[in-house]
Amino acid sequence: MHAKKSLNLALASILFITSGRGCLAQSLRDYADRIGVLIGTAVNPSKLTEAAYASTLAREFNMVEPENAMKWGAIRPDQKTFNFKSGDQVVAFAQGHRIKVRGHCLVWQKYNPAWLMNGHFTSEQLSDLLREHISTVMKHYAGQVFAWDVINEAFDASGGFERSIWYDSPGIGMAGKGTAYLEQAFRWARAADPKALLFYNDYDAEGLNAKSNAIYAMVKDFKHRGVPIDGVGLQAHVFNLNTKEISSMSENIARLAALGVEVHITEMDAGLPLDKKGNLVNQSDLTKQAEIYRFVAKACLQQRGCTAIQTWGFTDKYSWIPGYTKGTKGMALLFDEVYAPKPVYNALREVLQQQAQSAGIDPGP
Ligand code: XIL
């Protein structure tokens with residue numbers, strides 16, 4: 001056999017073996033790596049020991065975010081103790097597989113420990129606690145977590161402020177002063193880790209509406225006054241397959257990007273109606289779901305400023321949706337319970353492939 005040809009054959013078989021797949025099909029991350037976008041998923045560190053979970057994660061994604069492991073309730077079991085074990089597991093896995101880590105989250109009304117919520121702290125004490133928390137957690141993960149959801153879900157649907165322990169109940173001392181407490185948190189975050197990207201993250205703010213208007217106004221004001229903020233996370237939890245809410249998503253992403261911040265899709269999923277036995281009510285919903293993911297992915301990739309698409313988990317085996325909806329919805333993610341790709345996976349892959357093609361860097365099917 002010709003020497004060059006046999007070398008090529010040998011290289012091809014090495015590729016075949018190391019790919020760990022039966023064929024050389026490109027994964028989501030194969031495309032995403034080439035076009036320079038992040039394709040991410042929320043992860044649960046306790047599942048990393050499950051072979052199919054770990055191999056799918058490493059094969060398909062170039063970004064991860066701990067689903068719960070870096071929230072107050074997980075990281076701070078009592079006032080004096082920080083427990084970084086689970087978060088560190090995610091970071092170690094990510095580093096072993098060239099995966100970037102997004103941190104979530106530092107200021108939120110939910111998923112807080114009981115000692116904090118029931119501690120009857122004064123505003124001054126809460127302010128000290130929050131500053132210390134942001135500083136300790138961000139310094140621990142400096143150089144390992146490239147972007148943080150500093151604030152999660154601070155606005156309500158009408159564009160006002162959610163009541164919260166950090167805002168007004170009793171708050172860190174800036175109750176009634178609009179975004180002042182958010183500004184303070186962003187400033188503490190920048191001081192803690194000047195290299196991390198700082199994000200505001202929220203749900204039901206994908207399209208143009210009262211909440212996304214309020215977020216836009218805040219970002220505009222912060223940018224104008226030099227308050228540190230680098231990005232906005234749009235969660236993209238879709239509960240209604242016929243929603244019109246996301247139809248103006250491109251416009252919203254464009255106006256945010258025009259302010260000079262990045263946009264990440266941070267928690268995408270789309271729960272499908274299930275019957276009492278947990279089966280799909282309508283088979284055709286799988287196609288509708290795929291079209292929703294396709295729409296969101298396109299809306300993101302069309303804009304230079306939208307740099308990451310992340311789903312809230314990747315296998316239906318471990319999605320928060322069935323629990324959250326009391327079993328009425330599920331099958332919200334890219335892979336089924338045995339890690340087989342669903343139509344929605346193929347839709348997302350196609351969008352990434354098309355993007356690679358139009359950039360002239362399509363690595364093949
Ligand atoms: C959810 C997790 O998925 C659940 O496991 C947990 O019980 C509650 O929080 N918006 C967010 C996420 O920003 O942190 C939430 O995650 C889902 C809604």
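Let's start with the rings: Y53, F61, F314, Y318, F335, Y339 and Y345 are linked by ring pairs into a cluster. This is a predicted model, and the structure has 20 aromatic pairs in total.

One of these pairs brings together Y141 and W148, and it is tilted. Y141 is buried at 0% relative accessibility, and W148 is likewise buried, with a relative accessible area of 0%. F314 sits in the loop between β10 (306-311) and α12 (321-324), while Y339 sits in the loop between β11 (329-330) and α13 (343-358), so their contact ties together parts that are 25 residues apart in sequence. Both of these residues are buried.

| Pair | Centre to centre | Angle between planes |
|---|---|---|
| Y141 and W148 | 6.4 Å | 50° |

K100 places its charged end over the ring of F146, 4.4 Å from the ring centre. For K211, the charged end lies over the ring of Y203, at 3.7 Å from the centre.

Now to the cysteines. The whole structure holds 1 disulfide, and it joins C300 to C306 with an S to S distance of 2.1 Å. The torsion about that S-S bond is about -105°, so the disulfide is left-handed. Both C300 and C306 are buried. What about C105, buried or exposed? C105 is buried, at 1% relative accessibility.

Notes: Residues numbered from 1 in each chain as written. Predicted model: local features only at pLDDT ≥ 70, side-chain atom pairs only at ≥ 80, totals over all residues. Heavy atoms only, no water. Disulfide = S-S within 2.5 Å. Buried < 20%, exposed > 50% of the residue type's maximum accessible area, 1.4 Å probe, protein only. Phe/Tyr/Trp six-rings, centres within 6.5 Å; stacked < 30°, edge-to-face > 60°. Helix = DSSP H or I, 4+ residues; strand = E, 2+ residues; numbered from the N terminus. Lys NZ or Arg CZ within 6 Å of the ring centre and 35° of its normal.
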